[in-house]
Amino acid sequence: MSLYGPDLLALLPELIIVATACLVIVLDPVTSASRRDLLAWLSVGALAVCLGLTGGQITTLNVRVLAFSDLVVIDAYARFWKILLYGVASLTIFMSLPYLKIERVHLGEYYGFILLALSGMMVMVSGADLLTIYLGTELMSLSLYVMTGFNRSKPRSLEAAAKYFVLGAFSSGILLYGISLLYGLAGSTKLVSIANAVGARGADDPLVLISTILIAVGFGFKLAAVPFHMWTPDVYQGAPTSVTAFMAVGAKAASFAAFMRVFVEGLGGLKADWSFLFLLISVATLVLGNVVAIVQTNIKRMLAYSSIAHAGYALIGFVAAGRSVGASGGTPGLASIMIYLALYSFMTLGAFAVIGMLRKGGIEGEEIEDFTGLAKRQPVAAFLMLIFMASLAGIPPTAGFIGKFYVFMAAVEAGLAWLAAIALIFAVVSAYYYMRVVMVMYMRDPNPSSAAPSCLVNSPALSFVLACAVAGVILFGVFPNPLVGFALQSVLTLK
Amino acid sequence: MYLATESAAKWIALAATLADLFVALPLWWLFDPQASQMQFTEHVAWITSPPIYYSLGLDGISLPLVLMTAGIMPLCVLASWNSITTKVRGFMASLLVMETAMVGVFVAMDFVLFYVFWEAMLIPMYLLIGVWGGANRLYAAIKFFLYTLAGSVLLLVAILVLYFYGGHTFDILALSQGTYPASLQTWLFLAFFAAFAVKVPMFPLHTWLPDAHVEAPTAGSVILASILLKMGTYGFLRFSLPMLPDASRYFTPMMVVLSIIAIIYGAYMALAQIDLKKLIAYSSVSHMGFVTLGLFVLNQQGIEGAVLQMVNHGITTGGLFLCVGVIYERTHSRLIADNAGLAAPMPLYAALLVIFALSSLGLPGTNSFVGEFLVLVGTFLWSKVATALASLGIILAAVYLLWMTQRVVFGVPSPHHFPKLKDLTQREFAMLAPLVILIFWIGLYPNPFVSRMHQSVANTIDSMSRAKVAPTAHPSARRAVPLLADSGEQPKTQDPSQ
């Protein structure tokens with residue numbers, strides 16, 4: 001025990017989350033239906049404890065604690081993502097409380113799966129070894145597959161789960177293939193050894209390039225980047241809305257975190273090559289995401305394409321990081337992704353919270369048409385949705401503008417002003433479909449013939465989620481300083 | 001505002017806009033016309049990395065625009081008093097958000113802060129048109145939104161590029177001192193042009209304006225015409241000219257040609273309109289052509305005329321739109337044919353309408369005469385042909401406005417509206433009378449206005465003429481000041497310090 005003591009201590013937050021997950025699943029059968037809320041509270045309590053632990057783990061900024069013979073790294077970069085993920089997971093739990101009850105699938109193991117997925121994400125952001133990162137990815141993905149199909153009575157939910165599983169397994173295979181090739185090159189799966197091996201063999205080695213491409217493809221699936229985005233609309237639409245929110249925000253953030261660490265720490269020597277690759281991918285992603293979103297009538301599908309587009313914007317920051325030269329060495333680009341995804345979390349969680357609780361005659365109202373005239377019936381809910389949509393479109397003074405500002409600033413600094421211009425023109429395209437939601441809420445009168453107009457089923461938990469989301473969108477839109485400072489500090493440990 | 005009742009919302013909005021006006025008015029006297037730097041500045045750190053400041057300041061160019069904004073907004077609230085019946089609270093809240101953003105645009109001294117204000121008015125204006133607008137409001141609202149947004153996103157890229165070329169600062173004054181390569185200036189000018197020309201709107205980009213004007217409620221039309229359009233010309237004056245002097249000179253012929261096309265084309269379009277609001281909308285395109293013309297002849301008279309004309313157009317066209325709103329509340333029609341022959345039932349209204357129309361066509365003694373005259377003097381120094389063509393716009397303005405007045409005031413009354421028409425109420429008179437006073441004040445004694453902008457305009461021209469890249473292109477601008485004094489036409493524009 002004493003041998004592993006420091007290592008276990010480093011992983012204490014992850015261990016607590018996994019233990020709580022097991023506890024929740026074990027306790028579930030012996031908990032009566034009326035007291036299942038307690039399981040959710042137990043999960044949130046564990047998250048709060050972990051937040052304190054993670055915050056306390058890093059006392060000085062430049063410390064990198066390596067644990068389990070360099071398989072896991074605890075640094076400020078990981079801390080940034082973990083704190084974000086704790087927040088996302090707690091808001092998801094609060095959002096799920098009323099949602100699951102209304103959908104009549106309020107089962108305790110749901111919270112267990114959220115925690116398991118979260119522990120996978122935490123391992124991903126802390127992985128210093130390709131296999132650790134792969135394990136984290138799988139733990140996250142497997143939990144998400146189950147959660148996607150959680151609404152057993154709905155065929156669409158099951159279909160989405162099956163699709164997600166097949167495509168996800170496929171992409172994991174590709175990722176693993178890339179990892180195995182790199183192992184062949186370096187004789188190790190540690191990011192440090194890979195960086196050395198890649199540096200020794202040079203960028204022209206075809207094996208290096210092939211394995212880089214395979215890893216990029218594997219992560220491309222997780223990030224929902226074009227052309228690996230096909231699963232996103234179906235899965236986002238079919239999954240229970242709270243799960244969709246968790247996927248759109250948590251899984252995306254964790255995947256980006258791991259992706260950035262792998263490509264910067266492990267494959268940083270190939271900057272010139274992968275930045276061109278991701279340049280193509282980012283343009284394709286934001287063009288396709290934004291254009292296809294226009295024709296969607298289902299709001300979950302629309303937000304799926306919008307989340308694809310947002311991945312494209314975040315990737316611009318990554319291209320900028322790869323392209324930048326000089327003293328800053330890509331820091332602004334990487335930090336801009338962290339800022340972007342953190343802010344994106346607030347607005348996306350808020351939007352999905354509204355969607356999940358919008359009911360039309362007892363059924364989830366997820367068509368854009370169902371929002372018709374919402375401003376008249378529920379002005380507050382409509383106004384919140386307006387803020388989330390404006391933020392997703394990137395209109396100041398909301399958080400979405402700040403996120404885009406930093407990404408484009410990094411792009412311009414890296415000499416990619418033309419890329420920023422293209423991306424911003426497609427932001428105008430995106431404004432069209434976001435504003436369409438505002439339009440139906442505010443400017444269309446509800447159809448008098450429809451028997452049951454949709455309205456938001458409110459509950460304290462939902463109000464809490466919406467309050468947090470809107471506070472994040474507005475406060476960070478007006479006072480982004482703390483978040484920006486935090487991201488700029490945290491990114492420094494990534495090297 | 002959602003806590004208040006609907007009638008309380010009106011009073012709160014009125015009180016807020018009036019309070020704003022009373023806070024803004026003393027600036028007129030406290031402002032020092034001799035000072036060449038920004039006044040009433042405020043400089044607070046906002047974002048540390050990159051350094052962005054909450055930085056405000058006024059100079060002689062922004063002072064009249066701020067005062068105009070503060071003055072127009074209470075009138076907008078008054079104009080909406082009875083005409084807005086649904087969701088009053090949301091309407092008034094949108095008006096107040098608009099005012100915040102519009103004043104912010106005119107006083108922001110940090111480029112990012114400017115952009116935040118510039119974009120922040122998109123959503124409230126979108127709602128104003130889309131929720132409380134006319135029959136075709138959805139189309140007009142999204143058209144307005146997408147046009148303006150598409151223009152302004154390129155501005156953001158330009159701001160970021162300037163940051164890295166201009167010494168890692170977003171400070172507008174510092175950026176105005178910078179020197180930028182000629183090819184970069186060309187690109188930046190085009191990006192600025194995309195943002196500002198859409199807002200003005202200049203000729204090929206104007207198509208959103210008639211739709212937005214026609215569908216917007218009265219207050220929305222007034223805000224659009226009086227204030228929003230000025231943000232575009234303000235942008236040209238504050239950013240394009242001082243920051244990109246070489247590109248401005250390079251593009252001057254294009255800008256002048258576009259302005260003249262706008263003047264003549266807008267006037268011709270106005271001639272053909274049967275809808276009062278559309279007529280005024282196209283007349284705005286024409287009148288804003290004078291403003292851009294004055295700006296881009298790049299001399300003291302032209303720019304001073306342009307700034308004055310920005311204020312004049314705000315007063316006059318605002319008045320015209322308020323008049324249309326008044327009559328629309330009574331007849332529920334904006335068509336000239338339905339509103340003919342108002343002189344007999346509404347004599348006071350008819351008199352005010354005639355005053356606004358005469359002011360709009362630039363009758364000597366009214367405000368627009370002074371502004372248009374200065375612009376034409378400035379243009380004359382640049383090109384005589386351009387002056388002749390632009391003067392055509394004044395003649396056409398006389399044609400369409402007098403023809404409109406003739407039909408509306410003295411035409412054959414339409415039978416079904418005639419009996420129930422009442423003249424102006426006290427509220428309506430109160431919202432039109434201040435504009436009439438301003439029309440004659442500026443028309444007869446423009447000196448207080450011109451002297452306050454004199455130094456700032458001279459600064460702008462100064463910063464342009466400091467040869468930055470092409471030393472050969474020293475403009476005739478500095479010579480222009482004595483020229484005006486020689487002509488003796490406008491002795492009042494002379495600042496005592498000159």
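This is a predicted model: local features need pLDDT of at least 70, side-chain atom pairs count only at pLDDT 80 or more; totals for chains, interfaces and linings use all residues.

Reply: What follows begins with the contact between the chains, goes on to the core, and then turns to each chain by itself.

The contact between the chains draws 27 residues from chain A and 28 residues from chain B. On the side of chain A that touches chain B, four helices each contribute at least two residues, namely H16 (379-393), H17 (399-413), H18 (417-443) and H20 (481-490) of chain A. Of these, H18(A) gives the largest share, with 13 residues. When this side of chain A is sorted by class, it has 24 nonpolar residues, two polar residues and one charged residue.

The nonpolar core can be described next. The largest nonpolar core holds 398 residues, and the members that touch the most other members are A:Phe408, A:Ala420 and B:Val157. Here too H18(A) provides the largest share, in this case 21 residues of the core. Seen from chain B, and leaving aside residues up to four places away in sequence, B:Val157 touches A:Phe408, A:Val412, A:Ala417, A:Ala420, A:Ala421 and A:Leu424 of chain A, together with B:Ala191 of chain B.

As for the chains themselves, chain A contains 20 helices and five strands. Its radius of gyration is 22 Å, which agrees with the value near 23 Å that a compact globule of 495 residues would have. The C-alpha atoms of chain A fill a box of roughly 70 × 55 × 40 Å along the principal axes, and 62% of its 495 residues count as buried. Among contacts in chain A between residues at least 6 apart in sequence, 80% join residues at least 24 apart.

Chain B, for its part, has 19 helices and two strands. Because its radius of gyration of 22 Å is close to the 23 Å that the globule rule gives for 498 residues, chain B is as compact as a globular protein of that length. A box of roughly 70 × 55 × 40 Å, taken along the principal axes, is filled by the C-alpha atoms of chain B, while buried residues make up 59% of its 498 residues. For contacts in chain B between residues at least 6 apart in sequence, the share joining residues at least 24 apart is 79%. The strands S1 (residues 39-47) and S2 (residues 52-58) of chain B pair in the antiparallel sense over six bridges, with a hairpin of four residues joining S1(B) to S2(B), and B:Glu42 stands opposite B:Leu56 in S2(B).

Conventions: Residues are numbered from 1 along each chain as its sequence is written. Chains are lettered from A and ligands numbered from 1 in the order in which they are written. Two residues are in contact if their C-beta atoms, placed from the backbone, lie within 7 Å. Ala, Val, Leu, Ile, Met, Phe, Trp, Tyr, Cys and Pro count as nonpolar, Asp, Glu, Lys and Arg as charged, and the others, Gly among them, as polar. The radius of gyration is taken over C-alpha atoms; the globule rule is 2.2 Å times the number of residues to the power 0.38. A residue is buried if 20 or more other C-beta atoms lie within 10 Å of its own, exposed if 12 or fewer, and partly exposed in between; C-beta atoms are placed from the backbone. Two strands pair if DSSP finds at least two bridges between them. A nonpolar core is a set of buried Ala, Val, Leu, Ile, Met, Phe, Trp, Tyr and Cys residues joined through C-beta atoms within 7 Å.
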